[in-house]
Structures are given as C-alpha cells and as structure tokens.
Amino acid sequence: MAPEEGPRARGCPHRVRQPGRRARRAGVSPVLKTRRLRLRPLVEGDATALHPMLADAELMAYSADGPLGSVDDVRSYLAEEAAPGNQRTWAITRTGDDRAIGWVSGSEADGAGVTEIGFILAREAWGRGIAREAVSAVIDRLFAEGRSRVFADADTENTASILLLERLGFRRERLLRDEWETHLGLRDSLIYGLCADSWQAAGRA
C-alpha cells in the first residue's frame, strides 16, 4: 500500500462484526488538542476540503466502495460518518487552520469496554507524524474515559496502516480470511489490539 492510512468501510473504517454485542450510542466528540493539531467533530461542511483525499484512488484502495467522484458524494459520505450513533469521528485539523485533512473514528460495543478505531489522512500531510499524533490523542481520550481495549481491522496489504498500528503498540491478534467484501472483492483482515495497561506502561498515556 502506498498511502499512510486508509479507511476500511463506509460509516465505520476498520469494522469487525462481533455477534452478541449491541452497538450503543457513543455521544459527542469532544475537541482534542495536541502540540500541532486540533481534533474536532467531523461535519458535512468538511466535504470540499476532504474531496481530494476521498477521490484519491490509491488512498481509497482499501475502502469498501473505492474513491468518491464528486463533492456531493463526499458530502453524503460524511453525513453518514458524522451521524449520531455508535461512532464518534474527529476531523484532523492543524492548530490555527480549521481545514480538515483527515479523521480518526471510534466505534463502541455495548458493555464491552472496547472501542474500534479507524483513521485516514490526506496525502498532503503524510510523512510528518500527523497520523500518529492524531490517533494517539484519540486513544488517550478513550482510555481516559474508561475503555479497557481498542482494536483496529486492517487489510492484509494495507502495509502503512499496519506499521502505524505497530508503532503505537498494537499487537496482531488474528487473521480473518475473506472477512470483508469491497470494490476489490473479498479481502482478508488482520485484527490488531491494544490494552489500556500496555498503553500506560509504555508511558504513552
């Protein structure tokens, strides 16, 4: 894979189906600030800024539906991402510049103390550690809220996303064969997990 990160599916990048668990409402996405970034709730108004990213065929290779053609398509996509439900999505912006350059999402499982994360970053922002900084901020927030574990589901060929997860301390847990049907056909997935204790022991919290 060439891009630094890529989404896995409409409405829920990095989704894993977990029988017997009901999704629960995740609430609002509080604004998160880091040294260089401001993470705020994703809104439909981000469509124009995010259109080049979501129309990028290489970057969107591991999404369910592939690249999005028009700003209106992106607006509809973001309406699903930002809709109230079991997912929170933070738009990634630079401090002092409210233009969205990507996002980080978290989807909750009822009563499980577990959150599934997803992330995507525009090509223009690659190579600066922005994705790592943004995802770390969301993980900090999730564990501060009492989550015991976060996990992600990456296409087996999504090398850059896998490397980012491993750098953040995620451990490979299992391989799912033909787990996800996308515009590329049936795809295998790797499940990566991270526990709160491990995150804190590494001094990242």
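User: What does Leu-54 touch, not counting residues up to four places away in sequence?

Analyst: Leu-54 touches Met-60, Pro-67, Leu-68, Val-74, Tyr-77, Leu-78, Trp-103 and Ile-120, where contact means heavy atoms within 4.5 Å. This is a predicted model, in which local features need pLDDT of at least 70 and side-chain atom pairs count only at pLDDT 80 or more, while totals for chains, interfaces and linings use all residues; residues are numbered from 1 along each chain as its sequence is written. Side-chain values use heavy atoms, with hydrogens and water left out.

User: Why is H1 called roughly perpendicular to H2?

Analyst: Helix H1 (residues 47–54) and helix H2 (residues 71–82) pack with their axes 9 Å apart and at an angle of about 105°, the axes being lines fitted to C-alpha atoms, for helices over the stretch in contact, and the angles running from 0 to 180 degrees between N-to-C directions. Angles under 35 degrees count as roughly parallel, over 145 as roughly antiparallel, 65 to 115 as roughly perpendicular and the rest as oblique, and H1 is therefore roughly perpendicular to H2. Ala-47, Thr-48, Leu-50, His-51 and Leu-54 in H1 meet Val-71, Val-74, Arg-75, Tyr-77 and Leu-78 in H2. The helices (H or I, at least four residues) and strands (E, at least two) are DSSP runs, numbered from the N terminus.

User: Which residues touch the most other members of the largest nonpolar core?

Analyst: They are Leu-54, Leu-78, Trp-103, Ile-117 and Phe-170, in a core of 49 residues. The largest share of this core, eight residues, comes from H3. Such a core is a set of buried Ala, Val, Leu, Ile, Met, Phe, Trp, Tyr and Cys residues joined through side-chain atoms within 4.5 Å, and buried means under 20% relative accessible area, against over 50% for exposed and partly exposed in between (1.4 Å probe, protein chains only). In soluble globular proteins, nonpolar side chains tend to be buried together.

User: What makes Phe-143 count as buried?

Analyst: Its relative accessibility is 8%, and Phe-143 therefore counts as buried. Phe-143 lies in helix H3 (residues 130–144). With neighbours within four places in sequence left aside, Phe-143 is in contact with Ser-148, Arg-149, Val-150, Leu-194, Cys-195, Ala-196 and Trp-199.

User: Why is E5 said to be largely enclosed by the rest of the structure?

Analyst: Eight of the eight residues of E5 are buried, so E5 is largely enclosed. Both faces are covered, with Val-114, Glu-116, Gly-118 and Ile-120 on one side and Thr-115, Ile-117, Phe-119 and Leu-121 on the other.

User: How do you know that E5 pairs with E4, and over how many bridges?

Analyst: Two strands pair if DSSP finds at least two bridges between them, and E4 and E5 are joined in the antiparallel sense over seven bridges. Gly-106 stands opposite Ile-117 in E5, and Gly-102 has Leu-121 as its bridge partner in E5. Strand E3 (residues 87–94) also pairs with E4 in the antiparallel sense, over five bridges, with Ala-91 opposite Trp-103. E5 and E6, by contrast, run parallel and are joined by three bridges, and the bridge partner of Thr-115 in E6 is Val-150.

User: What makes Ser-107 count as buried, and with which side chain does Ser-107 make a polar contact?

Analyst: Ser-107 counts as buried because its relative accessibility is 6%. Ser-107 is found in strand E4 (residues 102–108), where seven of the seven residues are buried. The side chain of Ser-107 is joined to that of Gln-87 by a polar contact of 3.1 Å; the term requires a pair of N or O atoms within 3.5 Å and, within protein, one atom able to donate a hydrogen and the other able to accept it, while residues adjacent in sequence count only if both atoms are side-chain atoms.

User: Is Arg-147 buried or exposed, and where does Arg-147 lie?

Analyst: At 13% relative accessibility, Arg-147 counts as buried, and Arg-147 lies in the loop between H3 and E6. Its side chain makes a polar contact of 3.2 Å with the side chain of Glu-108.
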